[in-house]
Amino acid sequence: MTDKLVIGDFNKSSWSLRAWLVMVTADAVFDTVQVKLEQPDTPQQIGQYSPSGKVPALLLGNVVINDSLAISEYIAETHPNANLWPQDAQLRALARAAAAEMHAGFTHLRTQMSFGLGTGDDAGPLTEDTQAEIARIFDIWGGLRAASKSSTFLCGQFGIVDAMYAPVVFRLRRYGISVPAQLQSYVDQVLAYGPVQQWLKKAAAEV
């Protein structure tokens, strides 16, 4: 039986994007089950698959993994050749810490700069808390690239930590937030990454 990844709208679900990118990057074999968000029956539709009532959820027969980071860790363990975490132990720990910080934090950025794939939107004057979170993200990106000596993704090749921050790239683009010159190449790499482009094409077809 083929594994199934339950996701929300391509245009709306940042957490679905994260898990989907990891699975496509690992060349995992899976079917996609999509649930339209913000509909009257959305809770019932998601509830068929995910006991948490949230997406994404990875269905492994009778087993359900219903968290994007847990899904990513499972894929990393079952697809070791994908190298979704850095090989170096210290760099791997830094990448895991950065992914966990994204997974658990940055609530002000999420609130003021909602996820979307478009451009030209106005978030209004950014609060001090939102500005501080953006600055923290830039510090994380710069620190990982310096530690890994990477000129492409955060730790060399695209991995889980990049998937965790990919929605931030779209948030920055959507609201026209300036990126430090030394990090612009990272943003460009994420936007040009093959699976990201695949997601964008699916989102365009969804509208």
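**A tour of salt bridges and cores**

Start by selecting Glu101, which is partly exposed at 27% relative accessibility. On this tour, buried stands for a relative accessible area under 20%, exposed for over 50%, and partly exposed for anything in between, using a 1.4 Å probe and protein chains only.

A quick word on what's loaded: this is a predicted model, where local features need pLDDT of at least 70 and side-chain atom pairs count only at pLDDT 80 or more, while totals for chains, interfaces and linings use all residues. Residues are numbered from 1 along each chain as its sequence is written, and side-chain values use heavy atoms, with hydrogens and water left out.

**Stop 1: the salt bridges**

The salt-bridge test asks for a side-chain nitrogen of Lys or Arg within 4 Å of a carboxyl oxygen of Asp or Glu. Helices here are DSSP runs of H or I with at least four residues, strands are E runs of at least two, and both are numbered from the N terminus.

How many salt bridges does this rule give? The count is 5.

Now pick Arg96 and Glu73, whose closest N and O atoms sit 3.2 Å apart in another salt bridge. Arg96 belongs to helix H4 (residues 89-104) and Glu73 to helix H3 (residues 68-78), so this pair ties together parts 23 residues apart in sequence. Arg96 is partly exposed at 35%, and Glu73 is partly exposed at 21%.

Next, select Arg174 and Asp121, a salt bridge with its closest N and O atoms 2.6 Å apart. Arg174 is in helix H7 (residues 160-174) and Asp121 is in the loop between helix H5 (107-112) and H6, so the pair ties together parts 53 residues apart in sequence. Is Arg174 buried or exposed? Arg174 is buried, with 17% relative accessible area, while Asp121 is partly exposed at 33%.

**Stop 2: Asp31**

Jump to strand S2 (residues 30-34) and click Asp31. Asp31 is partly exposed, at 38% relative accessible area. Skipping neighbours within four places in sequence, Asp31 has contacts (heavy atoms within 4.5 Å) with Thr2, Asp3, Lys4 and Leu5. If you like, draw a C-alpha distance from Asp31 to Lys202: 15 Å, across 171 residues of chain.

**Stop 3: the nonpolar cores**

A nonpolar core is a set of buried Ala, Val, Leu, Ile, Met, Phe, Trp, Tyr and Cys residues joined through side-chain atoms within 4.5 Å. In soluble globular proteins, nonpolar side chains tend to be buried together.

Which members of the largest core touch the most other members? Select Leu5, Ile75, Trp141, Val161 and Tyr165, out of 64 residues in that core. Helix H7 supplies the largest share of this core, 10 residues. At least three residues come from each of domain 1 (4-81) and domain 2 (85-195), with bounds taken from an automatic or database domain assignment. A separate core of 8 residues lies apart from this one, and its members include Val6, Val33, Val35 and Ile46.

Zoom in on Ile75: leaving out residues up to four places away in sequence, Ile75 touches Val22, Met23, Ala26, Ala28, Leu58 and Leu84.
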